[in-house]
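Q: Could we go through this model together? I would like to start with the overall picture and then turn to particulars.

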Amino acid sequence: MYFKKENETENLINILPMIDIIFAILSFFIISSLYLTKVDSIKVNLPKSSSAESVQNKIQIITVDKNEKIYFQSNEISSKNIYLSIQKYIEKMENPLVILRADDSLNYGFIINILDELRKIENLRIGIETDNE
């Protein structure tokens, strides 16, 4: 039979610090994944739509801000160079998709002019991004 001596201590495994470390790592991954959800960093007020659908393909984004500045790949381009800039970039892609993100305060005619330039590119699918209501 084993008798415990008065000055002998028990060996215990304390798992509380391990739980703290696991929660810290989990918090890091959650916070870092939040930064990956936004595709484009140019701030625009998108129009609202109740029938919007998500697209999972690799997409190219054209953003038009309220000052009628056009951005492609986060680089500013002129309205005259939309066709050349996008055609050159997507010519090697199979089933290219371009999403137009335009501020809701823009003139309707300005957006139509951009869409007309995009329609000149063969086999290009065009989408318009909106916010869900």
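Q: Of the contacts in the protein chain with a separation of 6 or more, what share comes from residues 24 or more positions apart?
A: Such residues account for 69% of those contacts, where contact means heavy atoms within 4.5 Å. Please note that this is a predicted model, in which local features need pLDDT of at least 70, side-chain atom pairs count only at pLDDT 80 or more, and totals for chains, interfaces and linings use all residues. Residues are numbered from 1 along each chain as its sequence is written, and side-chain values use heavy atoms, with hydrogens and water left out.

Q: How many helices and strands are there in the protein chain?
A: The protein chain has three helices and seven strands. These are DSSP runs numbered from the N terminus: helices are H or I with at least four residues, strands are E with at least two. Along the sequence the pattern is α-β-β-β-β-α-β-α-β-β.

Q: What is the strand order in the open sheet of five strands?
A: The order is β4-β3-β2-β5-β6, with mixed pairing; two strands pair if DSSP finds at least two bridges between them. β4 (75–77) and β6 (125–128) are at the edges with a single partner strand each, so one side of each has no neighbour in the sheet. From one strand to the next, the twist averages 30°.

Q: Which way do β2 and β5 pair, parallel or antiparallel?
A: They pair in the parallel sense, over five bridges. Ile62 is opposite Leu100 in β5, and Leu100 has Ile128 as its bridge partner in β6. Strands β2 (residues 60–64) and β3 (residues 70–72) run antiparallel, joined by three bridges, with Ile62 opposite Phe72 in β3.

Q: And which strands does helix α3 touch?
A: Helix α3 (residues 108–119) packs on the sheet and touches β2, β3, β5 and β6, its direction making about 170° with that of β5. Helix α2 (residues 82–90) lies across β2, β3, β4 and β5 (97–102), at about 10° to β3. Axes here are lines fitted to C-alpha atoms, for helices over the stretch in contact, and angles run from 0 to 180 degrees between N-to-C directions.

Q: How many residues of β5 are buried?
A: Six of its six residues are buried. Buried means under 20% relative accessible area, exposed over 50%, and partly exposed in between (1.4 Å probe, protein chains only). Leu97, Ile99 and Arg101 point one way from β5, while Val98, Leu100 and Ala102 point the other way. In a regular strand the side chains alternate between the two faces of the sheet.

Q: Arg101 is charged, so what does it form a salt bridge with?
A: Its partner is Glu129, with the closest N and O atoms 3.0 Å apart; a salt bridge is a side-chain nitrogen of Lys or Arg within 4 Å of a carboxyl oxygen of Asp or Glu. Arg101 is in strand β5 and Glu129 in the loop between β6 and β7 (131–132), so the pair ties together parts that are 28 residues apart in sequence. Arg101 counts as buried because its relative accessibility is 5%, whereas Glu129, at 26%, counts as partly exposed.

Q: What does Arg119 pair with?
A: Arg119 forms a salt bridge with Asp116, at 3.1 Å between the closest N and O atoms. Both lie in helix α3, three residues apart, about one turn of the helix.
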